[in-house]
Amino acid sequence: ANEISDTARLHNGVLELERQVFNPARLLTGLVAHFQQEASRKQVELVLDLRDDLPALVSGDPARLQLALHNLLARALAYTEQGEMALSLASYSSTQSRGIRLQIQLSSTVLKQEELKSAFQILQYQLPVPDSRNDKNWSLLLTRFLLQRMGALLEVESMTSEGASLTLFMPLPRQAGTLQEAPRTEGTLIGKRVLIVDDSASLRAVLERQ
């Protein structure tokens, strides 16, 4: 429903981005949890790495950012099976802008490589839209326009039948302040020694840092 509404607003030229303070780590964690069941069905290990330099609070349009990221991750997972999809969220700074960088690494079997490459080309607004009659691309076109309005830039570094690498740069200004933490309850693991066993080297590395 939100996609249809935003598509109509884009066609009428009345789409305005909101400006709210939100936690980027919480937003992406919720998205990853949403895809967990589908990833397990396709035997894809989802790995989320939140870097230490990630700001606790940023300013932007969380609802539309979540919509764009959902469409991006859904398309990547749809063409992936039996492997790993690693997501790394960190801050970035350049001469043009600064904000949040999302790196996506696919180390798995990539199905219909040319279709996936065409889908990612649609999301790169600096590139022409590929000639396609696929009616399912309307959500990708909406995501393309949203990324452009937000000033976010998607770059595809590599794409093979055995994996892919892409990075999304999102200019989200850092905000001062901290999130209110929930009160600690009995049974906390703080101060305890914990043994973690997992067959994924990427997950072990992420858990060790955290």
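Predicted model: local features only at pLDDT ≥ 70, side-chain atom pairs only at ≥ 80, totals over all residues.
Colleague: How many helices and strands does the protein have?

Modeller: Helices (H or I, at least four residues) and strands (E, at least two) are DSSP runs, numbered from the N terminus. Here there are six helices and seven strands. Their order from the N terminus is α-β-α-β-β-α-β-β-α-α-β-β-α.

Colleague: What share of the residues is buried?

Modeller: Buried means under 20% relative accessible area, exposed over 50%, and partly exposed in between (1.4 Å probe, protein chains only). Of the 210 residues, 41% are buried.

Colleague: Which residues of helix α4 are buried?

Modeller: Helix α4 spans residues 113-123, and its buried residues are L116, A119, F120, I122 and L123. They lie on the same side of α4, because they cover an arc of only 150 degrees around the axis. That arc is taken from the directions from the helix axis to the C-beta atoms.

Colleague: What covers them?

Modeller: The cover includes α3 (62-78), β5 (98-110), α5 (138-150), β6 (153-160) and β7. Contact means heavy atoms within 4.5 Å.

Colleague: How is a pair of aromatic rings described?

Modeller: By the distance of the centres and the angle of the planes. Rings of Phe, Tyr and Trp (its six-membered ring) pair if their centres lie within 6.5 Å; planes under 30 degrees apart count as stacked, over 60 as edge-to-face and the rest as tilted. The whole structure has one aromatic pair. Y92 and F169 form that pair, edge-to-face, at 5.2 Å centre to centre with 75 degrees between the planes.

Colleague: Which parts does the pair tie together?

Modeller: Y92 lies in strand β4 (residues 80-93) and F169 in strand β7, so the pair ties together parts that are 77 residues apart in sequence. Y92 is buried, at 12% relative accessible area. F169 is partly exposed, at 21%.

Colleague: Where is I196, and is I196 buried or partly exposed?

Modeller: I196 sits in the loop between β7 (163-170) and α6 (201-209). I196 counts as partly exposed because its relative accessibility is 47%.

Terms used. Residues numbered from 1 in each chain as written. Heavy atoms only, no water.
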